[in-house]
Amino acid sequence: MICSNHGDKLDFIPMVPKNIKMLTFTSNTLNNVTEKTFHNMTRSKITHLILAGNDIRYISRNTFREFTSLAYLDLSYNVIPVDLEIAFSNLRFVENGSLILNHMNITETKMNELFRYLDKKRIQTLSLGFNNLMYIDSCDWVNFPTLKTLNITGNELRNITFKCQTKVEIIHADFNNLVTFPNFCLDGDNSTDFNKTSVPNLISFSATNNMLKEIPPNVLKCMEDLRELFITKNSFHEIELQSFYQLHTLELSSIFRYYQIIKPRSQSKILTASIEHLMLQNLSFRIVPTDLEIFKGLHRLRSLDLSYSQSAV
């Protein structure tokens, strides 16, 4: 059932048929949301509830108590100035839950405070895109035991640190102010801990449209299971290809200040490279014939995109 784009003309949720499982109520007006807001619907059957852009300013403690089948909740485009954490009281998801909180002017950097009343056991996707987060650490979501996808795109992040081990599989960190590429490795005091990773299940990391200048050669040394890396539109000065030998997909397109591709010091790693899809669009460096040797060891390569790149002999 979809009720959208009525603005001030619709300030209540109308009668919802009993068989409805998905309700999209967006771009209307719901300033204060309480249990009474949903009295015209059978809450126990709703699996997807989208309340984006309703000028919600307050959500009471027991609002979501009777939503016992909820798998997806979207509160995006609602700026709730105070007591946002109260909104998550009595909020419980079924398996593979998704909590979407984009464009909400969230500035809270201590996730444990923001989600202190939230039942985190079954949340698989957490989206905090286009807020005002300035710092985040993997310890902030360590209490989300089933979290697989984290979206922190479009914030003010300058750094992401990984001090605690988590099971997250996909991280979207595009359109931030990252100047340092995250170090995923937990460097211990002895050799047995040196290659231990903070994100053992991470298979995809995206940090496009940031201000990254380099990728230190050791930050991916512990990431044997990382398969996709998207770092388009950054400001790299140099790239060491041997850092990427385990990847399946690598996107380096539109590197604005891309000065140098460093060939592997040892051909042994690049010969075993597993890259299948390599995207190098719109690069501002010049390839001379001998530089084509950088692709020599990519025996599994299925697609190569060099569109809009400058080249010269």
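Which pattern do the disulfides of the chain follow, with bonded cysteines counted along the chain?

I read off 1-2, 3-4. I counted 2 disulfides in the structure (a disulfide being a pair of cysteine sulfur atoms within 2.5 Å). I worked on a predicted model, where local features need pLDDT of at least 70, side-chain atom pairs count only at pLDDT 80 or more, and totals for chains, interfaces and linings use all residues. Residues are numbered from 1 along each chain as its sequence is written, and side-chain values use heavy atoms, without hydrogens and water.

Entry: Cys139 and Cys164. I found their sulfur atoms 1.9 Å apart in a disulfide. The link is right-handed, with 85 degrees about the S-S bond. I noted Cys139 as partly exposed at 22% relative accessible area and Cys164 as partly exposed at 24% (buried is under 20%, exposed over 50%, partly exposed in between, with a 1.4 Å probe and protein chains only).

Entry: Cys185 and Cys222. I found a disulfide here too, S to S 2.1 Å. The torsion about its S-S bond is about -100 degrees, so I logged the disulfide as left-handed. Both Cys185 and Cys222 are buried.

Entry: Asp137. I found Asp137 buried without a salt bridge (a side-chain nitrogen of Lys or Arg within 4 Å of a carboxyl oxygen of Asp or Glu). Lys163, the nearest side chain of opposite charge, is 4.6 Å away (Lys and Arg count as positive, Asp and Glu as negative; His and the chain ends are not counted). I saw the Asp137 side chain reach the backbone nitrogen of Cys139 at 2.7 Å.

Methods
Polar contact = N/O pair within 3.5 Å; in protein donor to acceptor, adjacent residues only side chain to side chain.
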